[in-house]
Amino acid sequence: MVVLRAQGLAKGAVLNFARTPSDIRATVNTILSRGREIQNAVAKQTKPTFANAVAPLAKFENDYGADSSVITFLQNVSTEKSIRDASSDAEQQLSAFRIESMMRKDVYQSVRAVLDNKAEMEALEPEDRRLVEKMEEQYRRNGLALTTDQRQRLGQIRVRLSELGIKFSRNTNENDGRILFTRQELDGLPDDYFDGRPTDVEGGVEKYVVTTKYPDLVPVMQMAKNEQTRKRLTVVSESRCPENITLLEEAVKLRVEAAQLLGYRTHAEFVLEQNMAKTPEAVMDFEHDLRVKLSVLADKEIKEIETLKVADCQAEGKPFTGLFNWDFRFYSNKVKEHKHKVNDDEIK
């Protein structure tokens, strides 16, 4: 049995997130050049075996998987725009390389030759045999059994889907919503929420800046007593990045086209084939069954929350018009504090 371990990552090793833009670009170049070198060697094998075809591909993935994850993760967490941009570019290059790799029929033929070699497969340990089967399946699900024209179209679709996904994420990460509130409009928030919080002037009144980032948004949705404050912040949060709508619409159409090229009716059929559920019908049946079983508890909890809002409306002398999206975190938090005696601010 071939035992594969990540190169240079001893047990307990710490991943290096201190990467400059030039470090990120250098790492990408190393991964691409080394990956193509290994794939070319596998494709040239005249007598493919597990040791000279499958193991090198799996070992490459192990060796460079950590570096790949680190440099693409930085776009989500780095405070420096140059690093976020370099990380996003790296993800686009690595994604394109993965698509290119999975569309190489010459490499697939070597992997397939190992799978078709009964003597070779019977001699492998169960884990290695499973690796061969899953690797061949992955290539086949990426269109290597299609005609040349179909394979080229599938490759184009995969590249475009990658581009759309990266653009979608970049838009979301770089375009946070922003809204101004007075201290009174933020009544209910603890004093430390305002420590160091930037302010701006609107209509001659100094107000606090609240963004749609998680640390800003969640406390307001949980603790702001003013319903209009919660509503306004919800609208800002859920209406940002309108440019993502066209990206999503294009992605949905391309996913369907790709699935149908591979012989599936829908993208869901394609994805679920490898999961426990196997079919969209099984998922829908499961969700329906779960919904029926949970509806009694859900109705009880909604009634509990509704009672709290009705009481607030009566105390303020205004009519109860219903429960809305911006109400649930606030009143769920009140239930937690009043009924279960749990105070997140004290825990913090």
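Predicted model: local features only at pLDDT ≥ 70, side-chain atom pairs only at ≥ 80, totals over all residues.
Colleague: At what angle do the axes of α1 and α2 cross?

Modeller: Helices are DSSP runs (H or I, at least four residues), numbered from the N terminus. Axes are lines fitted to C-alpha atoms over the stretch in contact, with angles from 0 to 180 degrees between N-to-C directions. Here α1 (residues 21–43) and α2 (residues 50–77) come within 10 Å and cross at roughly 165°. The two helices are therefore roughly antiparallel; the cut-offs are under 35 degrees for roughly parallel, over 145 for roughly antiparallel, 65 to 115 for roughly perpendicular, and oblique for the rest.

Colleague: Which residues of α1 and α2 meet?

Modeller: Contact means heavy atoms within 4.5 Å. On the α1 side they include I24, V28, I31 and R34, and on the α2 side L57, F60, Y64 and D67 are among them. By class, this contact has 12 nonpolar, six polar and two charged residues. Asp, Glu, Lys and Arg count as charged; Ala, Val, Leu, Ile, Met, Phe, Trp, Tyr, Cys and Pro as nonpolar; the others, Gly among them, as polar.

Colleague: How is α2 set against α3?

Modeller: Their axes come within 6 Å and cross at roughly 140°, which makes α2 oblique to α3. F60, S68 and I71 of α2 are among the contact residues, as are R84, L94 and R98 of α3.

Colleague: What is the volume of the largest pocket?

Modeller: Rolling a probe the size of a water molecule over the atoms shows where empty space is left. A pocket is an open set of points on a 1 Å grid where a 1.4 Å probe fits, with protein on both sides within 12 Å along at least five of seven lines; lining residues have an atom within 4 Å of a point. The largest pocket has a volume of about 1,400 Å³. It is lined by 44 residues, with R98, I99, M102, Q138 and N142 nearest its centre. That lining divides into 24 nonpolar, 12 polar and eight charged.

Colleague: Which residues are closest to the centre of the second largest pocket?

Modeller: The second largest pocket has a volume of about 220 Å³. Of its 13 lining residues, N76, N173, E174, D176 and K213 are closest to the centre. The lining holds two nonpolar, six polar and five charged residues.

Technical notes. Residues numbered from 1 in each chain as written. Heavy atoms only, no water. Points joined across faces, edges and corners; volume = space filled by probe spheres on them.
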